[in-house]
Amino acid sequence: GLFHLKMACADALWRCFISPAAAREDKTSLMHDVAQLRPKETGIYTTKPGFRRIHELVGHTGTCRRLDCWRAHTAKNGGFGGLEEFASSKPVLVDLQTMANDICRTYVANHQLDRMRRKRESERDLQFENALLLNKYFLLYEELSYAMNSGDIARVETCIVSWIPILKAIGKHKYASHMTNFLFNVHFVYPPGLRRAVRYHILINPTGRPMKWRAVDWCVELNNLFTKVKNGGKNSNRSVERIILESPLVQVYRNLQGLVQQSFGHTHLTTNHAAPNMRKTFAKLQERLALNSPHTIVAGRKTQYQIDDLSEKGQ
């Protein structure tokens, strides 16, 4: 399912940027961002951080690095001393759109990366090249996540095409093979009726609210949580027969629990916490990125670990 694909993509990012010990040495590496965002969890990130930590890291680090791209671009082309000074100039929307397109072409890896890597060592900035690939992979992950949350099926399929060679290059051949077969069957093998049924059932919206679409396998895992963990019994009562017996009553148990909570006037009826206020943390990380910016070209800058172009490697 798409939820497991999303977890595989997050794991691919971890294997690419954090798992190799040498990839954590540069001051512009992703691990140095982790040290600012999660200073008490650096050991966890180097071993087995899990999906949720990598998912949040991509969002937080991606935001700060894109802001640093804007800072570097405005300083280079407009002579601004920072984003606050640029914002005070009150740019119009057309100028912002033009600058955003220029930033995408300049600070995200594209066909020009091969040309950069064919230059002499004294003319190359290896850490800048690594930053271009990091921005590319993070944007691909965030686009996949956004497309899934918004229920945009065609966009999800387009994102899968970009992730197949990356998963293949990182060693996840099973995911790459299954996604390739899935797209091939849906678009070239299945009849129109079956094709429509499959495409319209890979994402569902249990709550009916915008940006709350979920993959089918995510809902299956949630049902397994309530069936096996929450209501699976304990000690001698925990058995396969009991789980099967009570599985049809899982929704009844959830409804009763909600009814009791509402009857007693409980205000906390969900485990979904509010998003943390990351303003100060982001400001601290942006200051560090400004001092050792991965988006400012320094000719001859070396790196302890060169990131592979996985899209090209997995072709």
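1. The model is a predicted one, in which local features need pLDDT of at least 70 and side-chain atom pairs count only at pLDDT 80 or more, while totals for chains, interfaces and linings use all residues. Residues are numbered from 1 along each chain as its sequence is written, and side-chain values use heavy atoms, with hydrogens and water left out.

2. The structure holds four cavities of 30 Å³ or more. A cavity here is a set of points, on a 1 Å grid over the protein atoms alone, where a 1.4 Å probe fits but cannot get out, and its lining residues have an atom within 4 Å of a point. Grid points are joined across faces, edges and corners, and a volume is the space filled by probe spheres set on the points.

3. The largest cavity contains about 150 Å³ of space, and among its 16 lining residues Thr 28, Ser 29, Leu 30, Asn 130 and Ile 307 lie nearest its centre. Helix H8 (residues 126–150) contributes the most to this lining, with four residues; helices (H or I, at least four residues) are DSSP runs numbered from the N terminus. The lining has nine nonpolar, five polar and two charged residues, where Ala, Val, Leu, Ile, Met, Phe, Trp, Tyr, Cys and Pro count as nonpolar, Asp, Glu, Lys and Arg as charged, and the others, Gly among them, as polar.

4. The second largest cavity, with about 40 Å³ of space, is lined by Leu 13, Trp 14, Ile 18, Leu 30, Ile 54, Leu 57, Val 58 and Phe 138. By class, these are eight nonpolar, no polar and no charged residues, and H4 gives the most to the lining, with three.

5. The axes of helix H2 (residues 30–37) and H4 come within 11 Å and cross at roughly 100°; axes are lines fitted to C-alpha atoms, for helices over the stretch in contact, and angles run from 0 to 180 degrees between N-to-C directions. H2 and H4 are therefore roughly perpendicular to each other (65 to 115 degrees; under 35 counts as roughly parallel, over 145 as roughly antiparallel and the rest as oblique). In this contact (heavy atoms within 4.5 Å), Leu 30, Asp 33, Val 34 and Leu 37 of H2 meet Leu 57, His 60, Thr 61 and Arg 65 of H4.

6. H1 and H8 pack at an angle of about 165°, with their axes 11 Å apart, which makes H1 roughly antiparallel to H8. Among the residues that meet are Leu 13 in H1 and Asn 130 and Phe 138 in H8, and the contact divides into 14 nonpolar, two polar and one charged residue.

How values were computed: On a 1 Å grid over the protein atoms alone, a cavity is a set of points where a 1.4 Å probe fits but cannot get out, and a pocket is an open set with protein on both sides within 12 Å along at least five of seven lines; lining residues have an atom within 4 Å of a point. Helices (H or I, at least four residues) and strands (E, at least two) are DSSP runs, numbered from the N terminus.
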